[in-house]
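Reader: I am new to this structure. Could you show me how to read its helices?

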Amino acid sequence: MCVSGTTATEQEYRCLALEGLSRTLQTALASGLVPGGGASFAVAARRLAEQELSLPLEERAALHAVRTALLEPLRTLAHNAGVDPAVIAHRSLEVAPNLVYDVLAEQWIDPWSAPLLDPLGVLEAAVETSLSLGRTFLTTDVLVHRTWPASSAEP
């Protein structure tokens, strides 16, 4: 047992939470910290938007999809907090990384003084996993070809 609790289930839950915190801290120490609350992704989305105009149409469409995906964690945080995601995402594109929206305090704050920070390694892993999944989905859509019409198996 690594922590105490009134029941075995509570002990297990606390132990798993503590192990997760430990891994997060190790990642933060190894890779560093960046502003949290989706601010780092908002900065990346803003930089992609600056490059978008000079690209061919197909590449612009791909960049737009990536920009939309980068803002989704921020939108989800705002939606779950009961705040209009479009307003928070738009404002975040303007002020990040200097200010981030704290959903608990319901205000824009300096991420370094709050602190509202994310381990860089966790964000990198999330982006790499998302890109890998997207590549797989696109490849699968291209490679899977049905030569017969889809059928239904109703009783």
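Reader: What should the 24 residues of helix α1 span at 1.5 Å a residue?

Author: First, a caution: this is a predicted model. Helix α1 covers residues 8-31, so at 1.5 Å a residue it should span 34 Å. Its end C-alpha atoms lie 35 Å apart, which agrees.

Reader: Which residues of α1 are buried?

Author: Gln-11, Cys-15 and Ala-28. The buried residues of α1 pack against β1 (33-35) and β4 (117-119).

Reader: What follows α1?

Author: Gly-32 does. The phi of Gly-32 is positive, near 100°.

Reader: How are two packed helices described?

Author: By the angle between their axes and the distance between those axes. Take α3 (residues 57-80) and α4 (residues 85-95): their axes come within 8 Å and cross at roughly 130°. That makes α3 oblique to α4. The crossing of α3 past α4 is right-handed.

Reader: Which residues of α3 and α4 meet?

Author: From α3, Leu-71, Leu-74, Arg-75, Ala-78 and His-79. From α4, Pro-85, Ala-86, Ile-88, Ala-89, Ser-92 and Leu-93. This contact of α3 with α4 divides into 8 nonpolar, 2 polar and 1 charged residues.

Reader: At what angle do the axes of α2 and α4 cross?

Author: Roughly 75°, with the axes of α2 (residues 39-52) and α4 coming within 8 Å. Therefore α2 and α4 are roughly perpendicular to each other.

Reader: What meets what in α2 and α4?

Author: Ala-39, Ala-42, Ala-45 and Arg-46 of α2 meet Ser-92, Leu-93, Glu-94 and Val-95 of α4. By class, the contact of α2 with α4 has 5 nonpolar, 1 polar and 2 charged residues.

Notes
Residues are numbered from 1 along each chain as its sequence is written. This is a predicted model: local features need pLDDT of at least 70, side-chain atom pairs count only at pLDDT 80 or more; totals for chains, interfaces and linings use all residues. Side-chain values use heavy atoms; hydrogens and water are left out. Axes are lines fitted to C-alpha atoms, for helices over the stretch in contact, and angles run from 0 to 180 degrees between N-to-C directions. Helices (H or I, at least four residues) and strands (E, at least two) are DSSP runs, numbered from the N terminus. Angles under 35 degrees count as roughly parallel, over 145 as roughly antiparallel, 65 to 115 as roughly perpendicular and the rest as oblique. A crossing is left-handed if the near helix is turned anticlockwise from the far one by less than a right angle, and right-handed if clockwise. Contact means heavy atoms within 4.5 Å. Ala, Val, Leu, Ile, Met, Phe, Trp, Tyr, Cys and Pro count as nonpolar, Asp, Glu, Lys and Arg as charged, and the others, Gly among them, as polar. The expected span of a helix is 1.5 Å times one less than its number of residues. Buried means under 20% relative accessible area, exposed over 50%, partly exposed in between (1.4 Å probe, protein chains only).
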